[in-house]
Amino acid sequence: VQADAPIGNQLALHLDGLKRSSDDVDIPGFAATMPEIGARKGVLANSDSEAHNYSAGLSWILDDGFLGFNISRLENEYGVPGVGHGHDDEDPAMPAGVAEPEQEAEGGTSIDLRQTRYDIKAAYNFDHAVFDRVKARFAYNDYEHDEIEGSGEIGTQFTNNELEGRIEVVHFPFGQWHGVVGLQVRDKDFS
């Protein structure tokens, strides 16, 4: 769903949203050459997914430029087929990679991903002897992604907090010189 609308003469509003979900994928036969304990014929276990994505933005529009702000949110959960605690080599009766019955009952590995992003963009056109226009954008991204074991415990967690900014000043030609002067900064904290 998406909506764009003016608010008065100088404001513009943007809204959008997405929801998507799917069940386990249907397949012919079993997913592995040797059926795992508890595997169902015709289904790729742990291949279901669900995603939500929402965004809202507002821009102030001037005759010579604009200033806009946007916030977006992404939530995505999905299974990872064929990934789980494979069997160790202590029990030679159980082939490698085949899940133990209690592990199969717990379910497979899944991903739980969340991201919130904030963006600001602006531009302004000058009527100046030196500068033609200035453009700027700044963004902050807050990302987290959990790999969840079949037992429900978080096995691995990734986080990324990132701030990025860029400003560009476009100058009028000086003889044969055309160009842009700018600065870009980025600060990233990944763990």
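In this briefing a residue counts as buried when its relative accessible area is under 20%, as exposed when it is over 50%, and as partly exposed in between, with a 1.4 Å probe and protein chains only. The model described here is predicted, so local features need a pLDDT of at least 70 and side-chain atom pairs count only at pLDDT 80 or more, while totals for chains, interfaces and linings use all residues. Residues are numbered from 1 along each chain as its sequence is written, and side-chain values use heavy atoms, with hydrogens and water left out.

**Overall build**

- Read from the N terminus on, the elements follow the order β-β-β-β-β-β-α-β-β-β-β.
- Of the 191 residues in the protein, 22% are buried.

**Salt bridges**

- Side chains of opposite charge can pair when their charged atoms come close.
- The structure holds nine salt bridges, a salt bridge being a side-chain nitrogen of Lys or Arg within 4 Å of a carboxyl oxygen of Asp or Glu.
- One of these links Asp-132 to Arg-133 at 3.0 Å, N to O; Asp-132 is partly exposed at 23% relative accessibility, and Arg-133 is likewise partly exposed at 31%.
- Salt bridges that share partners also join Asp-112, Arg-114, Glu-144 and Asp-146 into one network.
- Between Arg-73 and Glu-75 there is a salt bridge whose closest N and O atoms are 3.2 Å apart, with Arg-73 partly exposed at 29% relative accessibility and Glu-75 partly exposed at 31%.
- Asp-119 pairs with Arg-117 in a salt bridge whose closest N and O atoms are 2.9 Å apart; here Asp-119 is buried, with a relative accessible area of 16%, whereas Arg-117 is partly exposed at 29%.

**A negative surface patch**

- Asp-23, Asp-26, Asp-48, Glu-50 and Glu-77 form a negative surface patch.
- Patches are made of residues with over 30% relative accessible area and no salt bridge, with like charges joined within 9 Å and nonpolar side chains (Val, Leu, Ile, Met, Phe, Trp, Tyr) joined within 5 Å.
- For the charges, Lys and Arg count as positive and Asp and Glu as negative, while His and the chain ends are not counted; the place of a charge is taken as NZ of Lys, CZ of Arg, CG of Asp or CD of Glu.

**Buried polar residues and their contacts**

- His-145 belongs to strand E8 (residues 131–148) and is buried, with 13% relative accessibility.
- The side chains of His-145 and Tyr-143 are joined by a polar contact of 2.9 Å, a term for a pair of N or O atoms within 3.5 Å; within protein, one must be able to donate a hydrogen and the other to accept it, and residues adjacent in sequence count only if both atoms are side-chain atoms.
- Thr-159, in strand E9 (residues 154–174), is buried with a relative accessible area of 18%, and its side chain makes a polar contact of 2.7 Å with that of Ser-191.

**A loop residue with positive phi**

- Asn-46 sits in the loop between strand E4 (43–44) and strand E5 (49–61) and is buried at 18% relative accessibility.
- Although Asn-46 is not a glycine, its phi is positive, at about 65 degrees.

Definitions and conventions:
Areas by Shrake-Rupley, 256 points an atom, 1.4 Å probe, with all protein chains shown as cover. Helix = DSSP H or I, 4+ residues; strand = E, 2+ residues; numbered from the N terminus.
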